[in-house]
Amino acid sequence: MHRKPQLVIDTHTENSAFLDEDRPAWSRERLRGLGVTTTLMTAASLLGIGRTTAYRLARQGDFPVPAIRAGRNYRVPVARLVELLGLDEEPRS
């Protein structure tokens, strides 16, 4: 069975937090390390959206962030994911 990565914002250290040993969490740095765009499935996993629903939403233009069709694939701008998740702001101390 495929397990989804979970988003955990670790504001206390530069290292990512872990919810359990099998599932590394997505830190702010790891998310930004994806590059300019990522796959639809990576974006869907971050948002807790399943495969079928993600592709349906992308086809309908209703995915929570822009999903750009590139040939047979979709690409999602990482900056929009960062913005949607509220990670574009510095953590409060």
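## Exposure and burial

A residue counts as exposed when its relative accessible area is over 50%, and as buried when that value is under 20%. Arg59 has a relative accessible area of 59%, so Arg59 is exposed. The model discussed here is predicted.

The protein chain has 93 residues. Of these, 28% count as buried.

## Overall fold pattern

The protein chain holds 4 helices and 5 strands. Along the sequence, these elements follow the order β-β-α-β-α-α-β-β-α.

Helix H3 spans residues 51-60. Arg59 belongs to this helix.

## Strand pairing around S5

Strand S5 covers residues 73-77 and pairs with strand S3, residues 37-39. The pairing is antiparallel, over 3 bridges. Thr37 has Pro77 of S5 as its bridge partner.

S5 also pairs with strand S4, residues 68-70. These two strands run antiparallel, joined by 3 bridges.

S4 and S5 form a hairpin, with 2 residues between the strands. Gly71 sits in the turn. Its phi is positive, at about 70°.

## Positive surface patch

Four arginines gather in a patch of positive charge on the surface: Arg56, Arg59, Arg69 and Arg72. Arg59 lies in helix H3 and is exposed.

Note on methods:
Residues numbered from 1 in each chain as written. Predicted model: local features only at pLDDT ≥ 70, side-chain atom pairs only at ≥ 80, totals over all residues. Heavy atoms only, no water. Patch = residues over 30% accessible without salt bridge, like charges linked within 9 Å, V, L, I, M, F, W, Y side chains within 5 Å. Areas by Shrake-Rupley, 256 points an atom, 1.4 Å probe, with all protein chains shown as cover. Salt bridge = Lys/Arg side-chain N within 4 Å of Asp/Glu carboxyl O. Lys, Arg positive; Asp, Glu negative; His and termini not counted. Charge placed at Lys NZ, Arg CZ, Asp CG, Glu CD. Buried < 20%, exposed > 50% of the residue type's maximum accessible area, 1.4 Å probe, protein only. Pairing = 2+ DSSP bridges.
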